[in-house]
Amino acid sequence: MSAAALAFGHWRAASRDPGLRLLAVAVVVAVAALSSVAFFADRVERALQQQGAALMAADLVIEQGAPVPQDWLDKADALALRHARTLTFPSVIVANDRPLLVQVKAVEAPYPLRGRLRVDTPQGEVSQVPASGTAWLEGRLRDRLGAQIGVTDVGLGELQLRAAGVLVDEPDRGGNLFQLAPRLMLAYDDVQRSGLLGPASRVKYRLLLAGEADRLQQMRAWLEDRLPRGSELADLENARPELRTALERARRFLSLAALCASLLAGVAIMLATRRYVDRALDGAAVLRTLGMSAAAVLRWHLVQLLLVVIVATALGSLGGLVGQQALVSVLGDWFGEALPAPGLRPALVGLLFGLSMALGFAVPTLLRVGRVPPLRVLRREMDAPGLAAWTVWVLAAGGFFGLMVWQVQDLRLAGGMALALSAALASMMLAGRLLLLALNPLRRAGGNAALGLAALARYPQLTLLQLAGFGLGITLLLLLAVVRVDIIDTWQGSLPEQAPNHFLINLQPEERAALAELLLTRQIANSGLYAMARARLVAIGDRQVDPEDYTDLRARRLAAREFNLGFSADMQRDNRIQAGNWWEPGEPPRAQFSVEEGLAKSLGIQFGDTLTFDVAGQSVRAPVTSLRSVAWDSFNVNFFVVAPPQMALDLPVTYLTSLYLDEASEGLTLELVQQFPAVSVIDVRPILVQVRAIMERGALAVEMVFVFTLLAAALVSVAAAQVSRDERAREVAIMRTLGASRRRLLGGLLAEFGLLGLIGGLLAAGLASVSGYVIAVELFELPGRVSPDVWWFGIGGGTLVVGLVGWLATRRLLGVPPLQVLNSD
Amino acid sequence: MSDGRVLDILSAIDMQVNAGEAVAILGPSGSGKSTLLGLLAGLDQPSQGRVSLLGRALGELDEDARAALRAGRVGFVFQSFQLLPGMTALENVALPLQIGRRRNARGQAEALLHEVGLGERLSHLPRQLSGGEQQRVALARAFAGDPQVLFADEPTGNLDADSGRRIIDLLFGLRDRVGCTLLLVTHDQQLAARCDRVLQLDAGRLVDAT
């Protein structure tokens with residue numbers, strides 16, 4: 001019988017091994033934690049894609065300067081794709097004898113193909129395109145015109161349109177909050193009769209398409225050969241940056257929590273394997289005397305381990321499926337509609353991850369089985385040489401790091417974890433060695449506590465292993481239990497109750513003083529006035545910027561559009577320098593730019609590059625002296641590109657600010673529009689609500705994943721306590737035989753575990769404080785603040801919990817008749 | 001040794017055991033009996049000297065080749081039984097047969113367990129058996145492959161007198177049936193007397209051979 005066949009044949013014997021059982025439970029927990037987050041993240045990712053589609057009102061959009069040819073529509077029909085045409089252009093309308101610049105948009109049914117159009121009419125909310133002869137007006141347009149819905153007529157070229165409803169939401173309005181002119185929407189057929197679509201007009205024609213993915217792909221391929229130059233084909237566009245940032249943070253929290261859980265489970269796996277191997281060594285020696293080769297003995301155990309891990313991983317994946325459903329029930333309504341069904345990929349990821357993690361953590365220890373000397377059957381003290389303890393840890397940690405990078409696709413997160421882990425292990429080992437040194441004299445003392453403490457010194461390897469196990473467990477638990485609360489509080493605090501909910505844009509320089517005074521007298525909180533200019537990026541270094549040069553759609557759009565070039569002496573609070581330096585107040589004035597890192601990455605801008613912008617015909621040229629990250633979800637005034645104020649002196653600038661308006665100050669909007677006719681007031685409350693929801697639900701989701709972490713931490717504790725169970729059983733039996741009282745032995749055990757917990761907790765508190773700070777600052781770009789509670793929880797909790805776990809795990813030993821233990825040797 | 005001195009556990013041992021012979025190695029604790037048994041069975045290697053088993057010089061074989069030599073041809077009985085704790089009595093006995101790729105391993109194992117009087121305890125785990133019963137399972141396992149050589153290390157050392165006697169009767173009964181060579185380490189004079197030959201070991205040296 002081959003070793004593999006033997007392993008299969010004796011699977012029941014394997015299933016009776018307590019070490020293997022513990023290992024299996026640890027694998028189940030690790031895989032369940034990871035795959036539930038992976039399942040969920042996958043569904044959210046696909047939901048985001050759908051949301052992205054809603055932001056385009058379609059799955060695929062073609063935009064160009066000429067009308068959409070009929071054969072494109074025919075092709076779309078042939079492929080059973082839904083389609084709708086829209087067109088937009090700026091124009092001046094007249095109502096109540098007032099002319100006003102608007103952004104006209106003509107749409108045909110069944111616009112929108114994705115997302116929802118929302119229009120308030122006297123008959124209630126509707127979502128269809130305007131009927132012929134009528135128009136939907138954006139709220140601020142109605143205010144400006146002083147129009148009455150159902151009554152006022154609006155003149156657009158040769159057309160007279162009845163204002164029939166207020167446009168509340170239009171899915172493909174796009175991420176640009178700062179679109180200056182308000183929207184007027186009318187029927188596609190009407191606009192043909194307006195007389196405004198002449199050759200010189202700045203009309204953008206769009207064809208929106210939606211349908212099955214493969215049909216869309218065919219359409220796309222068909223179109224690509226026919227698209228005239230200047231046409232743009234866009235599929236899923238990025239969601240709004242504000243939502244992106246918030247969602248990205250939520251995802252990081254979840255990944256971090258899941259990683260902590262699986263890392264803990266990994267430690268539990270390693271400790272459980274150690275126990276399994278310790279017990280397996282005697283059997284392995286027997287197998288060797290029975291004539292099995294070392295390789296065959298190892299193969300047997302490897303196959304046995306593999307069997308257990310495969311079953312446990314499958315169970316874990318099932319657990320993940322259930323877990324993600326719980327996450328969905330909490331978080332699902334972020335997305336308004338039902339999330340897409342769970343895909344197969346996360347199950348596969350969970351399976352592979354569990355398998356490689358279990359093997360990575362277990363195999364280095366298991367190798368000992370193949371090295372057991374057969375003489376152990378006669379001399380039990382003959383041990384199997386294993387890899388040095390640190391090699392096992394390094395191998396396991398290295399394997400885990402690789403898996404982390406693969407799973408979370410986030411080198412910084414994985415790197416941070418790996419670094420923290422290494423530091424944690426190094427300090428645990430160092431502290432462990434010092435502890436052993438300090439305990440050595442106790443071996444000659446005789447008190448109850450001394451008896452237990454001396455036990456730690458008698459088994460230095462086990463003590464180090466237990467300390468590392470308990471210590472890591474407490475660290476990760478503290479990190480999530482205390483630091484998590486801090487980070488989430490800080491995160492939610494970054495968007496205070498009175499976060500700006502309105503933006504005021506297009507304020508003229510001469511109106512600045514008047515506005516500032518108005519805001520001051522009304523006591524309206526605002527973020528201060530910022531100068532900005534509409535600027536188009538013309539060149540990076542000597543290279544001319546041409547949207548056609550970029551394959552990435554976001555980059556294409558960014559290259560094609562005008563930026564808001566901001567001017568400011570100080571950096572926004574929520575910005576963080578990633579490269580270079582912000583200009584100092586005393587610095588001699590010189591032309592320079594600070595660029596947002598995401599934009600720089602998309603457009604290929606490097607630190608030190610010279611950028612050339614075209615601002616209303618003037619060329620502005622300066623080097624990039626810093627790259628910044630921006631917390632777009634703070635709702636402060638932020639710019640992709642910022643320059644020092646002196647650069648604005650010769651440029652045509654307008655001003656903007658963000659402010660908080662409560663219910664009582666609602667009327668101010670109208671007043672502002674009337675006093676400053678050019679100013680646009682943008683209400684960002686709907687987005688604010690969404691971001692808040694993500695924060696709140698994100699925090700809740702982390703709590704749920706935290707349950708896995710708790711479970712894993714409990715497993716680690718049990719596994720760590722079990723590691724030395726066999727040695728302890730023998731010692732207890734001998735001491736009982738020698739007349740040691742139950743109380744004395746119990747005191748010793750409590751002292752032993754309590755001290756391990758105390759030291760583990762002390763180290764853990766320090767490690768959790770440092771890593772919590774680093775995680776907040778580096779990963780979540782939030783101010784670092786770690787509560788001193790970590791120390792209390794760490795030291796007090798560590799001592800109590802580890803003492804309790806140790807007592808629970810070993811108390812049964814005291815009840816076992818000594819002969820039973822000694823005879824089983 | 002830690003102070004740099006060399007400690008000879010066994011020295012000047014020259015012995016031969018013929019096929020089918022039963023030899024007892026007798027000696028006080030620490031005399032090197034178990035070490036000698038380990039060397040003869042190829043479980044360990046001498047720092048000097050030569051050991052042959054079944055006509056093969058063990059020094060020329062590596063660890064795995066020595067294991068292969070033992071497979072199916074050498075049986076062991078230990079003082080501490082050495083049963084695999086997760087396996088039932090039947091599984092423990094079938095194991096050497098499975099390793100030796102014998103057919104009907106379980107059937108043979110079952111017959112052997114009946115022979116040692118444990119036909120009713122096939123599915124019991126070692127911890128559910130008494131010491132004497134565990135040693136009987138170990139005996140059944142040792143004879144499972146019809147070994148040519150059987151090594152027994154203090155087989156009654158962990159048992160009471162009554163159980164010990166029964167084990168010895170069983171051991172010699174099985175040996176008579178199989179006809180294998182027996183090497184028995186013991187400090188029990190009476191037990192040693194049942195063997196064809198007795199080698200007396202003291203402080204690592206053979207002091208008497210009868």
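Two residues are in contact if their C-beta atoms, placed from the backbone, lie within 7 Å. The views below show a predicted model.

**View 1. The contact between chain A and chain B.** Chain A contributes 24 residues to this contact, and chain B contributes 28 residues. On the side of chain A that touches chain B, helix H1 (3–9), helix H2 (11–15) and helix H8 (241–289) of chain A each provide at least two residues. H8(A) gives the most, with five residues. Sorted by class, this side of chain A holds 12 nonpolar, seven polar and five charged residues.

View 2. The bond from Ala109(A) to Pro110(A) is cis, and its omega is near 10 degrees. Pro112(A) is found in the loop between S3 and S4 of chain A; the bond that joins Tyr111(A) to Pro112(A) is cis, with omega near -10 degrees.

**View 3. Leu54(B), a residue other than glycine with a positive phi.** The phi of Leu54(B) is near 50 degrees. Leu54(B) sits in the loop between strand S2 (52–53) and strand S3 (56–57) of chain B. Leu54(B) counts as partly exposed because 14 other C-beta atoms lie within 10 Å.

**View 4. Gln82(B), not a glycine, with a positive phi of about 55 degrees.** The loop that holds Gln82(B) runs between strand S4 (74–77) and helix H3 (89–99) of chain B. Gln82(B) has 23 other C-beta atoms within 10 Å, and a residue with 20 or more is buried; therefore Gln82(B) is buried.

Conventions
Residues numbered from 1 in each chain as written. Chains lettered and ligands numbered in written order. Predicted model: local features only at pLDDT ≥ 70, side-chain atom pairs only at ≥ 80, totals over all residues. Helix = DSSP H or I, 4+ residues; strand = E, 2+ residues; numbered from the N terminus. Nonpolar A, V, L, I, M, F, W, Y, C, P; charged D, E, K, R; others polar. Buried ≥ 20, exposed ≤ 12 C-beta atoms within 10 Å, placed from the backbone.
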